[in-house]
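The following questions and answers go through a structure by setting values against the rules behind them. Each answer gives the rule where its term comes up.

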Amino acid sequence: MIDAEDHALLQARVLTKWYGLQIGCRDISFELYPGEVMAVVGESGSGKTTLLQLLSGQLAPSAGHVFYRMRDGVMRDLASLGEAERRFLFRTDWGYVHQEPALGLRMAVSGGANVGERLMAVGWRHYGRIRGAAKDWFDRVEIAYDRIDDVPTTYSGGMRQRLQIARNLVTNPRLVFMDEPTGGLDVSVQARLLDLIRRLVGELRLAAIIVTHDLAVARLLSQRIIVMKDGAAIESGLTDQVLDDPREPYTQLLVSSILPA
Amino acid sequence: MYALDLVNVKKSFTLHLQGGLHLPVVAGVNFAVQPGTCVALTGPSGCGKSSILKMIFGSYRCDGGHILVRDSDHIVDIATASPRTVLMMRQRAMSYVSQFLLAVPRVATIDVVAETLRRAAPDEARTRAADLLRRLNIPERLMAVPPATFSGGEQQRVNIARGFLPNCPVLLLDEPTASLDSENRAVVIDLIAGKKRGGVAVVAIIHDKQVRDAVADQIVDVASFAAA
């Protein structure tokens, strides 16, 4: 749902990252609004993950800035934030869904605790309420409630990924970063996860940035897309426009390389 | 006062994988659509009819000219609008019935249709979606099932329901009756007539002469816009 009254939530301005002499990504600029899902596509090594890490403040850019609208409505440069403000973003206002669920979960504590922990980090103390919120999220991501006390090592890959999503969304973030969220899953499991992500993003009116090499995932989930190659954004625009009417040689190659099912 | 006006619209493709082959499609496309009327695009396959519809909807880029769509009190040029503006126009000013249905694998048919009513309460959206699907002869038992396994004609009717449910002032139809039987063709003719009575401007590609004659107020021959 796009609303003309909204202000940009995130703004990237000529973001560039060098790794020594190696370029990570260069001159990336865009704005993201509440409720918008943007896909970042491109082959391995094109700079997608570097971009995601810059946008989420996990890497410092070599040049350029990332601005984020804090809950008080003020646009702030991520580089200028104090430690407490950064912690607030990571714990509450943002989610980060890793391709490998083990990176985003604590594998030694129960599924319920994985969800509850994010709430405790933002000050929830009442056990019953935390448990209730965890149960609600188990429902929403379609994990059977009787698995709430099991550790995620006993979960299947698809369940772990759904648990990671629950853990990220339980604090009502406004922005979620996803790095290949459906990578490495069986096709049937992927479909279920895509449907779930799509529904939750719509219901919660989340903004999301999704890195994927799968153009079908980009088409289903995103309204806007950035195509990356050798660290640069070579083409961007509406997802259906870029995929149906690609202009750049590399984008045409990407689109024509999909095998029809 | 037009609802939609195309001025000198131009489209070509450059196929980089075919050695930079340049394919001009259309040039000098000029036509306007008044509210409550239907313009039918005609011409042989490959002459650019679908390309024109896709440019209006913004899923193809426009290489030149203007595509002016009226959105209540102001006018938006889709040819130069930002992605965000095009998305907003799709939410409230334009709907599009494509030839093929693209749906999420696990979403029930009724929800595939109901989700096009973004501003309505979920219950109301589902009620209205069900009414329209019923009118299009989609049986109740299929509404709870994702449309992926439906026949071609059933999928097309789901697609039609998606395009017709929201009340947008501009409605774009790409072969809406191609795989329908005569009974369902008659339903679609009725639905288009209803939209026209409601003041909607319709642009349609319709090969079936009987359907075209029944709904079109003006014929635009796309072959006359052939690019040199």
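## Surface, fold and charge pairs

Q: What makes up the accessible surface of chain A?
A: The accessible surface of chain A comes to about 11300 Å², and 52% of this belongs to carbon and sulfur atoms; such areas come from the Shrake-Rupley method with a 1.4 Å probe, and for residues only the protein chains shown count as cover. This is a predicted model, in which local features need pLDDT of at least 70 and side-chain atom pairs count only at pLDDT 80 or more, while totals for chains, interfaces and linings use all residues. Residues are numbered from 1 along each chain as its sequence is written, chains are lettered from A and ligands numbered from 1 in the order in which they are written, and side-chain values use heavy atoms, with hydrogens and water left out.

Q: How do you know whether the radius of gyration of chain A agrees with that of a compact globule?
A: The rule, applied to C-alpha atoms, is 2.2 Å times the number of residues to the power 0.38. For 261 residues a compact globule would have a radius near 18 Å, and because chain A has 18 Å, the value agrees. Along the principal axes, the C-alpha atoms of chain A fill a box of roughly 55 × 50 × 40 Å.

Q: What share of chain A counts as buried, and what share of its contacts joins residues at least 24 apart?
A: Buried means under 20% relative accessible area, exposed means over 50%, and partly exposed lies in between (1.4 Å probe, protein chains only); by this rule 53% of the 261 residues of chain A are buried. A contact means heavy atoms within 4.5 Å, and among contacts in chain A between residues at least 6 apart in sequence, 67% join residues at least 24 apart.

Q: Why is the pair A:Arg106 and A:Glu117 called a salt bridge?
A: The term requires a side-chain nitrogen of Lys or Arg within 4 Å of a carboxyl oxygen of Asp or Glu, and the closest N and O atoms of A:Arg106 and A:Glu117 are 2.5 Å apart, so the pair qualifies. A:Arg106 lies in the loop between helix 3 (101–104) and helix 4 (111–121) of chain A, and A:Glu117 lies in helix 4, so the pair ties together parts that are 11 residues apart in sequence. Helices here are DSSP runs (H or I, at least four residues), as are strands (E, at least two), numbered from the N terminus.

Q: What makes A:Arg106 and A:Glu117 partly exposed?
A: A:Arg106 has a relative accessible area of 41% and A:Glu117 has 25%, so both values fall between the two cut-offs.

Q: How do you know that A:Glu203 and A:Arg199 are separated by about one helical turn?
A: These residues are four apart in helix 7 (residues 187–204) of chain A, which means about one helical turn.

Q: What makes helix 2 of chain B mostly covered?
A: Seven of the 10 residues of helix 2 (residues 83–92) of chain B are buried, including B:Arg84, B:Val86 and B:Leu87. What covers these buried residues includes strand 10 (232–238) and helix 9 (239–244) of chain A, together with helix 1 (49–57) and strand 4 (64–71) of chain B, among other elements.
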